[in-house]
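Welcome! Take a moment to look over the sequence and the model, and then let us walk through two parts of the structure together.

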Amino acid sequence: MATSPAYQGRKKLRQLANPRLTAIVEDVVRLCRPAKVTVLTGSQDDMEYVREMALAKGEEFPLAVPGHTVHFDGYYDQARDTRNTRILAVPGESMGRGINAIGRSEGLAEIHGLMGGIMAGREMLVCFYDLGPVNSRFSIPSLQITDSFYVAHCQNLLYRQGYEEFRRLNGSPEFFHFIHGVGEVDERGNSRNLHWRRTFIDLQENRVFTINNQYAGSSLGLKKLAFRLSIHQSLREEWMCEHMFISGVFRPVKNRITYFTGAFPSASGKTSTAMIPGHTIVGDDLAFIGPGTDGGAWAANVEQGIFGIIEDINAADDPLLWRVLTTPREIIFSNVLVKDGVPYWSNMGREIPDHGFNHSGEWHRGKRDAEGKEIPFSSKNSRYTLRIDELENADPRANDPQGVPVGGVIFGGRDPDTSVPVLEALTWAHGVYCGATIESETTAATLGRQGVLKHNPMAIVEFLSIPLGRYLSKYLQFGEALRVPPRIFRTNYFLRENGRFLNGKLDKKVWLWWMEGRVHGEFQALRTPIGWIPRYDDLRSLFLEIFAKDYRVEDYESHFALRIDRLLERIGRMEAAFAAEDHIPEGFFLEMEREKRELEEARKYFGEGQASPLAFT
Ligand code: SPV
Ligand code: MN
């Protein structure tokens, strides 16, 4: 006979008088059999309790700077596990190719089997959050159940508290819920049953089960797990849920701020685009976008914090973040090297010690893993977690229930030899085509090989919970229904020649100011088969204005060359990829055919290889 767990804060649960909520908590307790249940409402005391317990239980360790802590995920639990992340197929709903689905009853049987007693001897936390700003049309109340203090702590930084939102529900069953179990742990407190790591997404019940993991992208309900649920929900409603940052581009001479949202595959310049000095940040990862009464699109940050990649952050390239990461405030570092209470990561501009503590335990230079591979001092996917309001560039409207008006939407990839650094799509439909044909080299944010060119529509493909064709149709309809749709842009910061990057890390500020000007109808542009590209003179004056730097015409020619053969090769790959999909909207294929036709004409005119941008007027 199972004994009842000790309860802390049960009254707070009862006060919500929500039958579905009560039933969920009771079911999880029965299944996972925790020793103790603690209900948290996000009060200062509750926040404090979570912070203290994360330290007391060894899920985090204090660092030298006050408020800073470090958390380590297991050595083989450093990224999202796409193979074991599956959608429970909805009977009668086709999932489409590329979605990792499992039959609903089979999935539920497996996960319930693995969850039996998974919290035995542990403390289960019941937490309330809100996806989106509080008390907004974008809000989705979300319940998180977890036996990890780190997960609760991380979410306290990343999401708005939602107990009040649950009160406003007034007993309604309309909320998301997430159940996370760390599973058995090793002597370092890390999930040891990685072979039973599972993340199952149940669209029908708006719930997610995730077990035997700790890495935030897998364990935190509100991040990439909720994202699958909200994408699915948005399909039936008028808004969209996107893998996008939201940032305010400030043009001092005009004294105006123009908001952009942007989708980039992991580690392709997304956070750094959102963090450009002089601009403001609303969010760096997930956006709700809905139509506004002004006929435009409005965006709100799903989150209130940043779970950002720390590699390459240094005082010279990222002065804003560097200051924040080295001064007292609440920050969780994860999977960095720690020595004497100081965190170390790659390219931070400091000498790295030869010994310390990292995601592999005690670490020394030259240490090898079980496969004989040398262990880097800090994980490729090491990160920092903090609240956006810690940043001096936090946008004053970051928590506005209305969101912010969207002037432009950016799609970026990490491609070495095809796309120009920036272009503007010809129309909304062409912009959707640009987003749907993002290709990007893989990076460390998911398990698997790095540096392989991967097709990643809207940088969202790993998270899609609806068939790609239906997602693209929705995209087309969304923009077409707006009286003033945002302009769409495509960027690529990663062009290379002989292994050398053609652009500096800061050049993106010039591309952004050009886009900002275009939104306000300020720059002429050159019409090419792939879209509108900047004129040399405009970029030259922007480089002068921003960096007092001479932008040479030779640089312009190499950056903005129309790489006709490469572009046609990409279309070839896209034709193959999309031919294999069902229900891709006609509007998408029309854009692809037009671009192909115009590129073929350009090839006849310019010959093989590439055309100078100066040839277009
Ligand atoms: C990403 O990889 O896109 C991230 C980090 O934002 S994760 O939480 O792993 O999704
Ligand atoms: Mn992301």
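## A strand and a metal site

In this predicted model, histidine 177 sits opposite arginine 207, a residue of strand β12. That pair belongs to the contact between β10 (residues 176-181) and β12, two strands that run parallel and are joined by five bridges.

On which strand does β12 find an antiparallel partner? Strand β11 (residues 198-202) is that partner, again with five bridges. Here arginine 198 has isoleucine 211 of β12 as its bridge partner. The hairpin of β11 and β12 has four residues between the strands, and asparagine 206 there takes a positive phi near 50°.

| Partner strand | Direction | Bridges to β12 |
|---|---|---|
| β10 (residues 176-181) | parallel | five bridges |
| β11 (residues 198-202) | antiparallel | five bridges |

Is β12 (residues 207-211) mostly covered or mostly open? Mostly covered: five of its five residues are buried. In a regular strand, side chains alternate between the two faces of the sheet. For β12, Arg207, Phe209 and Ile211 are buried on one side, and Val208 and Thr210 are buried on the other.

Now for the metal. Lys224 (NZ), His243 (NE2) and Asp285 (OD) coordinate the manganese ion (ligand 2) at 2.2 to 2.3 Å. Along the chain, these donors follow the spacing K-x18-H-x41-D. Histidine 243 lies in the loop between β13 (240-242) and β14 (245-251), and aspartate 285 in the loop between β16 (280-283) and β17 (287-291), so this pair ties together parts 42 residues apart in sequence. Both histidine 243 and aspartate 285 are buried.

Note on methods
Residues numbered from 1 in each chain as written. Chains lettered and ligands numbered in written order. Predicted model: local features only at pLDDT ≥ 70, side-chain atom pairs only at ≥ 80, totals over all residues. Heavy atoms only, no water. Buried < 20%, exposed > 50% of the residue type's maximum accessible area, 1.4 Å probe, protein only. Pairing = 2+ DSSP bridges. Donors = N, O, S within 2.8 Å, 3.2 Å for Na, K, Ca; no water.
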